[in-house]
Amino acid sequence: MPSLLKWFVLLLGFSFSGIVIYLLTRKKINEKNTLVWLGGTIIILVLSVNPHLLDSLAKIVDVDYPPSLLFLFSVMVLLLLNLYQSIQISSLHDKIKELSQYIALRDAEDHTGRREHPENG
C-alpha cells in the first residue's frame, strides 16, 4: 500500500472514530451502536497500519484479489447492521402501536365515563 494512501486511511479511521465519539457525547447514538462502529474503526486502523494482514487473510481463504475480500466483509457487516437496525425498528414499532392503543382505550374510557377513578374507590 502506498505511503500516502496508508496515511489517508489512518486519518480517515481516526476521523471516523472522532465522529462516533462526538455523536456518543451528544447522545445522537447509543452505547451499544457506538461499540459496533468503534469496532469497525479499529478494524480500519489495524488494516491501514498492517495491510499485509489482509493479504495473509486472503491467502488463507483462497481469494486471489485481497481488496475483494475487504469488500465482501464490508458488505456482510453492512447487511448485518441493516438487519439489526430493522429488528430495532420493528420492536419500537410494536411498542408504539401498543402504547397508542392503550392511550386510545384510556381516552375512550374518559369519554364514556366508565373509567374508575381512584378517589371513587
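**Ground rules**

I number residues from 1 along each chain as its sequence is written, and I use heavy atoms for side-chain values, with hydrogens and water left out. Since the model is predicted, I ask for pLDDT of at least 70 for local features and 80 or more for side-chain atom pairs, while totals for chains, interfaces and linings use all residues.

**Entry 1: two loop residues**

I started with backbone angles. Lysine 27 has a phi near 60°, positive although the residue is not glycine. I found lysine 27 in the loop that links helix H1 (3–25) to helix H2 (31–49). For the element names, helices (H or I, at least four residues) and strands (E, at least two) are DSSP runs, numbered from the N terminus. Buried or exposed, then, for lysine 27? Lysine 27 is exposed, at a relative accessible area of 73%. My cut-offs are under 20% relative accessible area for buried, over 50% for exposed, and partly exposed in between, using a 1.4 Å probe and protein chains only.

Next I looked at aspartate 62, whose phi is also a positive value near 60° in a non-glycine residue. Its place is the loop between helix H3 (52–60) and helix H4 (66–112). Aspartate 62 counts as exposed because its relative accessibility is 65%.

**Entry 2: the nonpolar patch**

Which residues form a nonpolar patch on the surface? I get Leu57, Ile60, Val61, Leu72, Phe73 and Met76, with about 550 Å² of accessible area together. H3 and H4 are the elements that give it two or more residues, and H4 gives the most, with 3 residues.

For the record, patches take residues with over 30% relative accessible area and no salt bridge, joining like charges within 9 Å and nonpolar side chains (Val, Leu, Ile, Met, Phe, Trp, Tyr) within 5 Å. A salt bridge here is a side-chain nitrogen of Lys or Arg within 4 Å of a carboxyl oxygen of Asp or Glu. The areas are Shrake-Rupley values with a 1.4 Å probe, and for residues only the protein chains shown count as cover.

I checked one patch member by itself. Isoleucine 60 sits in helix H3, and at 68% relative accessibility it counts as exposed.

**Entry 3: the largest pocket**

I put the volume of the largest pocket at about 910 Å³. It has 27 lining residues, and those closest to its centre are Ile43, Ile44, Leu47, Leu70 and Ser74. H1, H2, H3 and H4 are the elements that give two or more residues to the lining. Which element has the largest share of the lining? That is H2, with 9 residues. By type, I count 21 nonpolar, 5 polar and 1 charged in the lining.

My pocket is an open set of points on a 1 Å grid over the protein atoms alone, where a 1.4 Å probe fits, with protein on both sides within 12 Å along at least five of seven lines; lining residues have an atom within 4 Å of a point. Points are joined across faces, edges and corners, and the volume is the space filled by probe spheres set on them. Ala, Val, Leu, Ile, Met, Phe, Trp, Tyr, Cys and Pro count as nonpolar, Asp, Glu, Lys and Arg as charged, and the others, Gly among them, as polar.

**Entry 4: residues of H2**

Leucine 47 lies in helix H2 and counts as buried, at 18% relative accessibility. From leucine 47 to aspartate 62 I get 19 Å in space, C-alpha to C-alpha, and 15 residues in sequence.

Valine 46 is in helix H2, partly exposed at 39% relative accessibility.

Valine 49 belongs to helix H2 and is partly exposed at 49%. Its C-alpha and that of lysine 59 are 19 Å apart.
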